Amino acid sequence: MHVLRRFAVLALLALGANGARAAVLAEDRADLMYHRYQGGGITVDGPSVLVRKKFGESLAATANYYIDNITSASIDVVVSGASRYAERREQKSLALEYLRGKTTYSASYTNSKENDYRADTYSLSVSQDMFGDLTTVSFGYAQGLDKIGSSVDPTFADEIERRNYRLGVTQVLTRDLLASFNFETVTEQGYLQNPYRFMRFLNAGGTYSRGPEIFPRTRTSNAGSLMLKYYLPWRAAVQGQYRFYTDTWGINAHTGSLEYTHPLWNRWVFSGSYRYYTQTGATFWSDLFPRDGYQNFMARDKENSPLATHTIGIGASYEFPVEWAGSWLQKGSANLRVNHMMVDYSRFRDLRDFPPGTATPGTEPLYALDANFLTFYVSFFF
Amino acid sequence: MRKPLLILGAAALLAVTACAPIEPWVKPYEREHLADPIMSIGGDPVSSSYLDHVFEVREGARGATGGAGGGCGCS
Amino acid sequence: MITTTKALRTLLVAAFLAAPALAVAPAGPAPKFQLVSMAGKPVNLDQFKGQVVMLNFWASWCGPCRAEMPILEKLHAKYKPMGFTMIGVNVEPDSAEAAKWLKATPVTFPILFDTKSEVSKLYSVQSMPSTVIIDRKGNLRWLHRGYKPGDENEYLNQIRALVRE
């Protein structure tokens, strides 16, 4: 950890050393978004507002306010015997960027609050353009502290300390081809499980009983991704991405996605995408343990189980005329993106009709989740 | 072991950023396609961060979703 | 004691603090060329000998280039009577987008189309936009890489000095 820190500092300085010519900060903008997720008995929707302003040519600030309005009667809620609940999560963030020569320094703070969870994250990053602006290298570090409670047990209180280390290299390969490589390591320590979930085990009577999940208190993950984006001669773009993920819980995941973007009729841009995700479960995961206290760590939450996700999406953007605003508005667009996600769990069983004490556990149907989520937003560029 | 590696790494980084023995093979005046908004990576910040968030909540994996760069390369 | 880390840090901090220069002073005669103008006529750099020439390499897809154009138009209008001319060299292989943009935002100074990037290569254009200022004798005097609001003050000073020659 010490070596990494020292190297990061020297890398930061090295990147700032080649300040020969200037790059530019992105333009001022305001985005108003409505997001909605619906599936598996859960509905989450709400607004997201983003405002970005430059101060001179070297400094910019971005503020974002995001809300999740949650109503949940998910499989986890139903199976635990709880009633449908409603909750609200509020997230605020502020980011600052400073441009010097070809180097951009960024710092941000994000705070997320809901009635049983509070998260504070600080992040720093440096990004440098080099090789005649063909290459962009960036380093990032983030630190987070989550404070966890439980609405079921008021005496419960725990924390998570998290650190993220990121490295990114974007390279212009030809006039029509871009490549981007990203690597991220996340280390966490603390209460890394969900207080509302449980595991189950086979009891002497041949039925099942519930017990508390026991998770490790540390987790380190490494993920690396490669993205390629190609400009097609008839003015369209195709993007492919692959990510490999592995962590100390034994979860290995592969993500592959393809997206096609096609402008039409002067003001419209349409897009279509497909994403495939697959993960092995955590080594300490099981839908049904042979007995109580079977091993040191036992988990049954579906998010850490072996699963595969297919997501298809379509999007449409319309750049509306801005002459009415005079010189105050440079550009404006209305955007809609709709996604359909299908999650297949290969080991996680649907216990909604099979409460504890039911005979022949382990033969219940496997659970599958279908969800739709959309974003609709209007962007103004000043 | 760590110290020489550190020095080598920093020197390589400095060499790479300070000298330019390799000439950029896409000239600034050839970046028309890369400057096209359809070739931007990452997309609009509000929607891309939301998409990452949805997947991170439902899946076990996290990280390495970002990217910056490309574009017009203008000053 | 000077440790390796300390030495490296000092070296890198020094390199970091070295002030970057955005306007450089090249030397020698300005490379000659001939390109077709927007009016369809061939234009040669020689035609402007005796005048101070500001050559601006731009493209319709380049934000800072477009932002700079109204300022270049003002400079051309102001200093033309004193023997100065602005020349815009458009670097796009297909001039359709540039012609469309110029129709919406017209300028009075000559626009030449370097569709084969010959002049861009001749002048070793390393950034977008790039501006070269040539004196009355046809020699290169100033090179500006990129454009940031405020750069026009440097342009004014340099043009004023050169028109007095």
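Strand 9 (residues 177-190) of chain A runs antiparallel to strand 12 of chain A, with 13 bridges between the two. The model is a predicted one, where local features need pLDDT of at least 70 and side-chain atom pairs count only at pLDDT 80 or more, while totals for chains, interfaces and linings use all residues. Residues are numbered from 1 along each chain as its sequence is written, and chains are lettered from A and ligands numbered from 1 in the order in which they are written.

Back to the strands. Strands 12 and 13 of chain A make a hairpin with three residues between them, and Arg235(A) in the turn has a positive phi of about 65 degrees.

Here are the two chains side by side. Buried means that 20 or more other C-beta atoms lie within 10 Å of a residue's own (12 or fewer is exposed, in between is partly exposed), with C-beta atoms placed from the backbone. Contact means C-beta atoms, placed the same way, within 7 Å.

| Chain | Helices and strands | Buried residues | Contacts at least 6 apart that join residues at least 24 apart |
|---|---|---|---|
| Chain A | two helices, 18 strands | 30% of 382 residues | 58% |
| Chain C | five helices, eight strands | 34% of 165 residues | 70% |

The C-alpha trace of chain A spans about 75 × 50 × 40 Å along its principal axes. Chain C reads α-β-β-β-β-α-β-α-β-α-β-β-α along its sequence.

Now for the core. A nonpolar core is a set of buried Ala, Val, Leu, Ile, Met, Phe, Trp, Tyr and Cys residues joined through C-beta atoms within 7 Å. The largest one has 50 residues, and Ala59(C), Cys62(C) and Ile159(C) have the most contacts inside it. Strand 12 (218-232) of chain A supplies at least two residues of this core, as do several elements of chain C, including helix 2, strand 5 and helix 5. Strand 4 of chain C gives the most, with six residues. Setting aside residues up to four places away in sequence, Ile159(C) touches Val52(C), Met54(C), Leu75(C), Tyr79(C) and Phe84(C). Another core, of 15 residues, lies apart from it, with Tyr245(A), Ala253(A), Phe284(A) and Trp285(A) among them.

Among the buried residues of helix 2 are Cys65(C), Met69(C), Leu72(C) and Tyr79(C). The buried residues pack against strand 4 (52-58), strand 5 (84-90) and helix 5 (151-163) of chain C.

Methods:
Helix = DSSP H or I, 4+ residues; strand = E, 2+ residues; numbered from the N terminus. Pairing = 2+ DSSP bridges.
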